[in-house]
Amino acid sequence: MNRNVLISRPTTWCTCLLFLAAMSGCSAIGKSSVQAVGLAIQGAPDVQATADDVAANRFPQIKVTGPSGGAILVLGNLDDGRQAWYSSERSIVFLRDGVVVATHGGNPELRQMTIIGANPFHDLRQLKPGTQVERRYDVMPGHRYGMRVTGALQMQGREPVQILGRTRELLHVRERLSGSGWKRDNHYWVDPANGFIWKSVQAIAPDTHLEIVQLKPYARDLRPR
């Protein structure tokens, strides 16, 4: 990550070897998925993965894009439903049910996001009108801990979304955030067949968001809910 968000930039083989060494201590998924890291070192400021690039490797991959560019991340670890996705520069995005719950290695850095009470993100297909989500954010720098933010969720209908040249008809859910200086919208594009979030735009700080696209999902996430 640069000083703002995840990007992909030219990386020396020395840096790559350090990243691989760090990844070797992860789970079995992490040990195997490091073989896909070559996709994340193809240049700056953005990586345009092709369907062939992704299909050539069987390991889970996502693309994460911020204001300064994008990078391919690979699944490095699972911890009781929390997924850790690693870039070639050892930046990490943590997801649970497709929702960003933390980031590591960037500025700003989302130390932790906690949902207080009911969590509708396990299956947004069941969203009821007027649903609200209470969140608590811890963000650095600035020691912005305990920011209470309310998200108002609303179904927007079906929309076509292209991923790696394939068009999917997905349910679009908008979440309007407010409170503690936050005034942003999150967006989620959900598979109507199984509730899986294929694409999203999510704030990690009051002034920063990430776009996340699932290129090759973790297989268990695609099971019916």
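This is a predicted model: local features need pLDDT of at least 70, side-chain atom pairs count only at pLDDT 80 or more; totals for chains, interfaces and linings use all residues.

Visitor: How many aromatic pairs does the structure hold?

Guide: There are three aromatic pairs. One of them joins phenylalanine 121 and tyrosine 188, with 5.2 Å centre to centre and 55 degrees between the planes, a tilted arrangement.

Visitor: Where in the chain do phenylalanine 121 and tyrosine 188 sit?

Guide: Phenylalanine 121 is in the loop between β6 (109-116) and β7 (132-140), and tyrosine 188 is in strand β10 (residues 182-190). The two are 67 residues apart, so the pair links distant parts of the chain.

Visitor: Is phenylalanine 121 buried or exposed? And why?

Guide: Phenylalanine 121 counts as buried because its relative accessibility is 1%, and the cut-off for buried is under 20%. Tyrosine 188 is buried too, with a relative accessible area of 0%.

Visitor: Switching to charges over rings. Which ring does arginine 82 lie over?

Guide: Arginine 82 lies over the face of phenylalanine 94, 4.2 Å from the ring centre.

Visitor: And what does the charged end of arginine 168 sit over?

Guide: That charged end sits over the ring of tryptophan 198, at 3.7 Å from its centre.

Visitor: Now pockets. What volume does the largest pocket have?

Guide: Its volume is about 350 Å³.

Key
Residues are numbered from 1 along each chain as its sequence is written. Side-chain values use heavy atoms; hydrogens and water are left out. Rings of Phe, Tyr and Trp (its six-membered ring) pair if their centres lie within 6.5 Å; planes under 30 degrees apart count as stacked, over 60 as edge-to-face and the rest as tilted. Helices (H or I, at least four residues) and strands (E, at least two) are DSSP runs, numbered from the N terminus. Buried means under 20% relative accessible area, exposed over 50%, partly exposed in between (1.4 Å probe, protein chains only). A charge sits over a ring if NZ of Lys or CZ of Arg is within 6 Å of the ring centre and within 35 degrees of the ring normal. On a 1 Å grid over the protein atoms alone, a cavity is a set of points where a 1.4 Å probe fits but cannot get out, and a pocket is an open set with protein on both sides within 12 Å along at least five of seven lines; lining residues have an atom within 4 Å of a point. Grid points are joined across faces, edges and corners, and a volume is the space filled by probe spheres set on the points.
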